[in-house]
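The sequence and structure come first.

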Amino acid sequence: RDEFDRERHVASEAPRRHTPRSASASTRRGSTGELGRITYRLYAEVPAVMGNVLDGVRLVGATDERRRMEEEAKAEETKQTGRGKEAARTEPRGKLKLKFDEASFSSEALAEEVEAYGATLREINLMECDKVKDKSLIDVGNKCSDLITLVVKHCFRITDLSITHIGQHCPNLTTLNVAYCKVTDAGIIAVAKNCPNLVTLIAQDCGLTDASVIAISNNCPNLETLAVQNCFKLTDASIIAIATNCAKLTTLDIPGCDKITDASIIAIQNNCANFVSLVLLSSGGPTDEALKNLKQHLPNLIISGRSVAVAHIGA
């Protein structure tokens, strides 16, 4: 026992060795300091790094946006160029309207213009060019297939021959003025059968009968203006057919058509809501009573050629 106590005392008095624990703690303190410095640097440097990253993202985004805008602009330019080319293919180049007066007209001059611009000509006005002949108009029909307006008023040498040819070769015709020409039913019937878009027919002093006007009513539903002054053979059958089948009728010129009666006026009143102009003689034809009723039914109607009392009813 004494031996045991002595050994325990010696062990208790022996100096304690420096344990690895102390070294470990020191190491941890050093490591903690280094970690702090690293953390500090991170806090200090990360915003700058992140700023650079964000700038890069913005730059990439801006570049992408600019590229997208450039691509869109290029696509639009290509589209516009395509439209331009398409327009160039579809829109006619050249003269659209041709007009001669009596002094400037010659068959040669007309032939030159038709030869040069026939494919694009839409309107030809030869009013009072009394030297124009059927041969010239036949040439027009052959080379101006898209013609929509033809005026040959007071062209005394024009006959059914050329007007029939125009009707057969110019299906888009909308306006035809053959006033005071040597045109009869034959020419007008040819136009009626082949030109369904006819809107205006002026055929004063042409000696038309019901046959041609009824043909117009049956084939040209868009007719708006009919001028048949001094076509004294016309009867109510013509005007009733026009009023019934051409509801867009706005203007009727019938001075000298003494066979037109109140029956025609009633047909207009019942069918032509857009009717605004009626020209007739001061006497003969429809009665004042029928005209008065028509005026009351169509307050915007202007009646020319009758007494002021009738013409201004409701004004």
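A search of the whole structure, a predicted model, finds 0 disulfides, a disulfide being a pair of cysteine sulfur atoms within 2.5 Å. Local features need pLDDT of at least 70 and side-chain atom pairs count only at pLDDT 80 or more, while totals for chains, interfaces and linings use all residues. Residues are numbered from 1 along each chain as its sequence is written, and side-chain values use heavy atoms, without hydrogens and water.

**Cysteines**
- The closest cysteine sulfur to that of C144 belongs to C170 and is 6.9 Å away, too far for a bond.
- C144 is buried, at 0% relative accessible area (buried is under 20%, exposed over 50%, partly exposed in between; 1.4 Å probe, protein chains only).
- For C257, the closest cysteine sulfur is in C231 at 5.8 Å, also too far for a bond.
- C257 is buried, with 3% relative accessibility.

**Helices α6 and α7**
- Helix α6 (residues 185-194) packs with helix α7 (residues 210-219) at an angle of about 5°, the axes being 9 Å apart; helices are DSSP runs (H or I, at least four residues), numbered from the N terminus.
- α6 and α7 are therefore roughly parallel (angles under 35 degrees).
- D185, I188, I189, A192 and K193 of α6 meet A211, S212, A215, I216 and N219 of α7, where contact means heavy atoms within 4.5 Å.

**Helix α10**
- A290, L291, L294 and K295 are buried in helix α10 (residues 288-297).
- Seen down the axis of α10, the buried residues fall within an arc of 135°, so they line one face of the helix; the arc is that of the directions from the helix axis to the C-beta atoms.

How values were computed. Axes are lines fitted to C-alpha atoms, for helices over the stretch in contact, and angles run from 0 to 180 degrees between N-to-C directions. Helices (H or I, at least four residues) and strands (E, at least two) are DSSP runs, numbered from the N terminus. Angles under 35 degrees count as roughly parallel, over 145 as roughly antiparallel, 65 to 115 as roughly perpendicular and the rest as oblique.
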